[in-house]
Amino acid sequence: MAYPAFRPDRINHGFGPLVSHVLDARLRLAGHIRHTPLVPCPALSAQAGHTVALKLDLLQETGSFKLRGATNRILTLPPQRRARGVVTASTGNHGRAVAHAAARLGLRAVVCLSALVPANKVEAVRALGAEVRIVGRSQDDATVEAQRLVREEGMAWIAPFDDPAVIAGQGTLGLEVVEDLPEVTTVLVPLSGGGLAAGVALAVKTVRPKARVIGVSMERGAAMHASLLAGRPVDVEECPTLADSLGGGIGLANRHTFDLCRDLLDDVMLLTETEIAAGMRHLHHCHGLTAEGAAAVGPAALLAGKVRLDGPAVCLVTGGNVDRETFRRVIAAADAETAAATALHEVA
Ligand SMILES: *Cc1c(COP(=O)(O)O)cnc(C)c1O
């Protein structure tokens with residue numbers, strides 16, 4: 001799909017302060033965040049005719065890049081705010097990241113969850129040292145309780161994506177990419193609320209203005225894609241998907257990531273569930289990785305031939321928090337397909 005052209009003038013003017021936030025975040029996060037490996041992928045490189053490398057941020061503590069943004073946000077709180085603790089309402093990678101970052105810094109963290117969140121997810125957050133508060137029967141109810149803690153107890157709300165300090169923290173991933181592969185021409189970024197894509201695009205395009213940054217989402221329930229098409233933030237129906245970390249809306253009152261994604265992303269691709277599963281199997285078979293669906297969309301887009309390369313490319317492999325049963329099913333499905341193909345071959 002075609003978006004309005006990239007506007008480098010906005011990087012230099014409107015977005016200038018945000019770029020310096022990314023550099024600040026890089027210094028602030030030293031010692032808190034791993035500089036994760038960038039590894040070549042021979043199979044995808046052969047298929048694409050250009051070097052393809054994988055940025056393995058699923059090796060970040062807590063199993064996803066979300067630790068970058070959450071830690072940066074918490075470290076930018078003034079000491080008297082930190083002392084009152086932090087709160088969020090995420091069930092997924094952001095909740096884990098906030099819990100872990102707060103525990104590391106010796107701060108109180110409350111994660112508000114709805115009664116519908118499965119017990120294993122609740123336990124995972126608790127095991128990271130956070131206080132879990134179960135409220136209501138929806139994500140909205142949990143968010144209302146979190147907002148109450150902000151108002152009445154002065155706790156600091158740590159937003160999952162629509163916050164300049166979170167965007168800047170995620171942007172440090174983009175800086176590592178251009179350091180490790182300065183000749184990069186394309187970066188494939190899993191896209192949900194757009195904090196990662198915005199931060200990475202700011203960092204990469206500041207250093208390499210001609211590089212393309214392409215967002216990748218699932219066909220089902222891609223809120224940023226629908227919003228970019230509509231020209232304003234819109235809600236989409238949430239659907240079950242292998243890329244569950246890419247679900248959820250961008251917020252109808254979105255303040256930062258919608259504008260940044262509109263102005264900085266070169267394109268957004270959507271993938272079917274079958275294509276996402278193939279990406280997960282590729283990462284497992286060729287690299288021995290347990291990647292969640294959201295993290296496999298870059299390789300999946302290349303495997304599906306949905307992105308053409310004109311030079312070296314990097315896929316951000318963003319997280320590894322997938323439940324065992326789902327992962328087993330995805331891997332076994334391929335084995336079933338292979339088995340069926342072999343059987344047919346033998347018959348023929
Ligand atoms: C949150 C998340 C994303 C998307 O990040 P946004 O900033 O919301 O666009 C991608 N991959 C994984 C594994 C995530 O947890």
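1. Let's start with Thr186: across in strand E10 (residues 313–317), the residue it bridges to is Ala313. The two strands involved are E7 and E10, which pair in the parallel sense over three bridges. Helices (H or I, at least four residues) and strands (E, at least two) are DSSP runs, numbered from the N terminus. Two strands count as paired if DSSP finds at least two bridges between them.

2. A quick word on what you're looking at: this is a predicted model, where local features need pLDDT of at least 70 and side-chain atom pairs count only at pLDDT 80 or more, while totals for chains, interfaces and linings use all residues. Residues are numbered from 1 along each chain as its sequence is written, and side-chain values use heavy atoms, with hydrogens and water left out.

3. E7 has another partner too: five bridges connect it to strand E8 (residues 212–218), and these strands run parallel. Look for Pro190, which sits opposite Val216 of E8. To get from E7 to E8 the chain passes through helix H10 (residues 195–207), making a right-handed β-α-β crossover. Right-handed here means that, with the strands pointing away from the viewer, the path from the first strand over the helix to the second runs clockwise.

4. How many residues of strand E7 (residues 186–190) are buried? Five of five, so to speak the whole run. Buried means under 20% relative accessible area, exposed means over 50%, and partly exposed is in between (1.4 Å probe, protein chains only). In a regular strand the side chains alternate between the two faces of the sheet. Here both faces are covered, with Thr186, Leu188 and Pro190 on one side and Val187 and Val189 on the other.

5. Now for a pair of helices. Two packed helices are described by the angle between their axes and the distance between the axes. For H9 and H10, the axes come within 7 Å and cross at roughly 45°. That makes H9 oblique to H10; angles under 35 degrees count as roughly parallel, over 145 as roughly antiparallel, 65 to 115 as roughly perpendicular and the rest as oblique. The axes are lines fitted to C-alpha atoms, for helices over the stretch in contact, and angles run from 0 to 180 degrees between N-to-C directions. The crossing of H9 and H10 is right-handed; a crossing is left-handed if the near helix is turned anticlockwise from the far one by less than a right angle, and right-handed if clockwise.

6. Salt bridges next: the structure holds 18 of them (a side-chain nitrogen of Lys or Arg within 4 Å of a carboxyl oxygen of Asp or Glu). One to find is Glu176 with Lys55, at 2.6 Å from N to O. Glu176 belongs to helix H9 (residues 164–180) and Lys55 to strand E2 (residues 52–56), so this pair ties together parts that are 121 residues apart in sequence. Are these residues buried or exposed? Glu176 is buried at 3% relative accessible area, and Lys55 is buried at 1%.

7. Glu131 and Arg108 make another salt bridge, with the closest N and O atoms 3.1 Å apart. It links distant parts of the chain, 23 residues apart: Glu131 is in strand E5 (residues 131–134), and Arg108 is in the loop between helix H6 (93–104) and strand E4 (109–113). Glu131 is partly exposed, at 34%, and Arg108 is partly exposed, at 34%. Both residues belong to a network of salt bridges, which also includes Arg133, Glu145, Arg148, Glu152 and Glu153.

8. Inside helix H12 (residues 257–264), Arg262 and Asp259 are three residues apart, so about one helical turn separates them. They form a salt bridge too, with 3.3 Å between the closest N and O atoms. Arg262 is partly exposed at 24%, as is Asp259 at 29%. Six of the eight residues of H12 are buried, so the helix is largely enclosed by the rest of the structure. Among the buried ones are Phe258 and Leu260.

9. There is also an open sheet of four strands, in the order E5-E4-E3-E6, with parallel pairing. E5 and strand E6 (156–157) are at the edges with a single partner strand each, so one side of each has no neighbour in the sheet. Strand E3 (residues 86–88) pairs with E4 over three bridges, and Thr88 has Val111 of E4 as its bridge partner.

10. You'll find Thr62 in the loop between E2 and helix H4 (66–75), and at 16% relative accessibility it counts as buried.
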